[in-house]
Amino acid sequence: MHMTSNRFAAVALLAASVIFPPAAFAADPSPEMKAVLDKLTDLEVKPIHTLSVPDARSQATPADAAKAVQLEKRIPSAPESKVLTKDISIPTKNGALAARVYTPDGAAKEALPVVVYFHGGGWVIADINVYDATPRALAAGANAIVISVEYRHAPENKFPAAHEDAWNAYTWAVENVHTLNGDAKRIAVAGESAGGNLAANVALMAKKNETTQPVHQLLVYPVAGNDMNTESYKENAEAKPLGKADMEWFVKNVFPSMDETKDERLNLVGRTDLKGLPSATVITAEIDPLRSEGQAYAAKLKEAGVEVNAKTYPGVTHEFFGMAKVVPSAKEATDLAVADLKAAFAKTK
């Protein structure tokens, strides 16, 4: 009887392990990444999903934490700090969009290639001021004019307002970059997180409308699907600075209903019209809920015959890309992005 009870207990334990598998755990951040995350804690940054929209917009950002680490380590800001900036306004049928033009210092007189860049923030928080490091680095590294575009945010302007603004900004750039000494034949799109989704959608829209296509798309941990039960969502449900509950918070604020997350502009991995798109660089982070969908979109692009350079960087989190001054993997990722942009520009020169 005792042996039988033990056997039943063992079977019950096995069944429980099948029904309730062990929870997946996020990887450990690299020492440099951990220093930035620790600084976020020092800055008393709270999980986004616990805050109101105004409070989420006003608290310190991962960019602030990275800058604080840079200052503590006395890391110089050059050469990116030498990039020249000019604020402009882009007229659209939905109102003027603020934008910042980044031009390499000492740029040649001939027309330069152009990158139209869209910042992250889940379409709800952040702006072109928060996302300053990436356009600076791309302008300096690729010797290109970078136009960082502001777009309407939710919940004041729900989906698809940001997507409409991104497309309108891109079409304006195609028609007007000559006024900024830019080359309309060498325009790429780039974006991080929600902005990566916008950049991908601009490329898709250009193809659909049979208009000027970007020569390259740089997609950094893009929002590319609506499945929040992927492997990376399970592993990184509690990750900082972005976890599953934070993504649910963004979705709640951006979309009028959950049904709208099935829209092909969000669910890029479900699309079947990827053939003929421009080459792509897809950068993902190991400790990021969005990793799996970014990898899946890169794979689907490859299957469609698109030239893709995809890489996942270990030991880093969402938002790492703009931290090249303090996180070595971010410098590697930026160098990869710059090399791919320069190669794409060279093909069309």
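Biologist: Which residues do ring pairs link into a cluster?

Modeller: Y221, Y313, F320 and F321. Keep in mind that this is a predicted model.

Biologist: What makes Y221 buried?

Modeller: Its relative accessibility is 0%. Buried means under 20%, so Y221 counts as buried. Y221 is found in the loop between β6 (216-220) and α8.

Biologist: What is the phi of Y221?

Modeller: About 30°, a positive value, although Y221 is not a glycine. Most residues other than glycine have a negative phi. N143 also has a positive phi, near 50°, and is not glycine.

Biologist: Is N143 buried, partly exposed or exposed, and how do you know?

Modeller: Its relative accessible area is 38%. Buried needs under 20% and exposed needs over 50%. The value falls in between, so N143 is partly exposed. N143 is found in the loop between α5 and β4.

Biologist: How many aromatic pairs does a search of the whole structure find?

Modeller: The search finds 7. One of them is W123 with F255, at 6.4 Å centre to centre and 90° between the planes.

Biologist: Why is the pair of W123 and F255 called edge-to-face?

Modeller: Ring centres must lie within 6.5 Å, and edge-to-face needs planes over 60 degrees apart. W123 and F255 have 6.4 Å and 90°, so the pair is edge-to-face.

Biologist: What does the pair of W123 and F255 tie together?

Modeller: W123 lies in the loop between β3 and α5 (133-142). F255 lies in the loop between α9 (244-254) and β7 (279-287). The pair therefore ties together parts that are 132 residues apart in sequence. W123 is buried at 6% relative accessibility, and F255 is buried at 3%.

Biologist: What makes W249 and F250 an edge-to-face pair?

Modeller: The centres are 5.2 Å apart and the planes make 80°. The angle is over 60 degrees, so the label holds. W249 is buried at 10% relative accessibility, and F250 is buried at 6%.

Biologist: Which residues of α2 and α4 meet?

Modeller: From α2, A35, V36, K39 and L40. From α4, P62, A65, A66, A68, V69 and E72.

Biologist: How do you know that V116 is buried?

Modeller: Its relative accessible area is 1%. The cut-off is 20%, so V116 is buried. V116 lies in strand β3 (residues 112-118). Its contacts include I147, V149, Y170 and I187.

Biologist: Why does E235 count as buried?

Modeller: At 18% relative accessible area, E235 is under the 20% cut-off, so it is buried. E235 lies in helix α8 (residues 231-235).

Biologist: What makes the link between E235 and R291 a polar contact?

Modeller: A polar contact requires N or O atoms within 3.5 Å. The side chains of E235 and R291 are joined by one of 3.0 Å.

Biologist: Which residues does a cis peptide bond join?

Modeller: A78 and P79, with omega about 5°. A154 and P155 are also joined by one, with omega about 5°. Most peptide bonds are trans.

Definitions and conventions:
Residues are numbered from 1 along each chain as its sequence is written. This is a predicted model: local features need pLDDT of at least 70, side-chain atom pairs count only at pLDDT 80 or more; totals for chains, interfaces and linings use all residues. Side-chain values use heavy atoms; hydrogens and water are left out. Helices (H or I, at least four residues) and strands (E, at least two) are DSSP runs, numbered from the N terminus. Buried means under 20% relative accessible area, exposed over 50%, partly exposed in between (1.4 Å probe, protein chains only). Contact means heavy atoms within 4.5 Å. Rings of Phe, Tyr and Trp (its six-membered ring) pair if their centres lie within 6.5 Å; planes under 30 degrees apart count as stacked, over 60 as edge-to-face and the rest as tilted. A polar contact is a pair of N or O atoms within 3.5 Å; within protein, one must be able to donate a hydrogen and the other to accept it, and residues adjacent in sequence count only if both atoms are side-chain atoms. Lists of a residue's contacts leave out its neighbours within four places in sequence.
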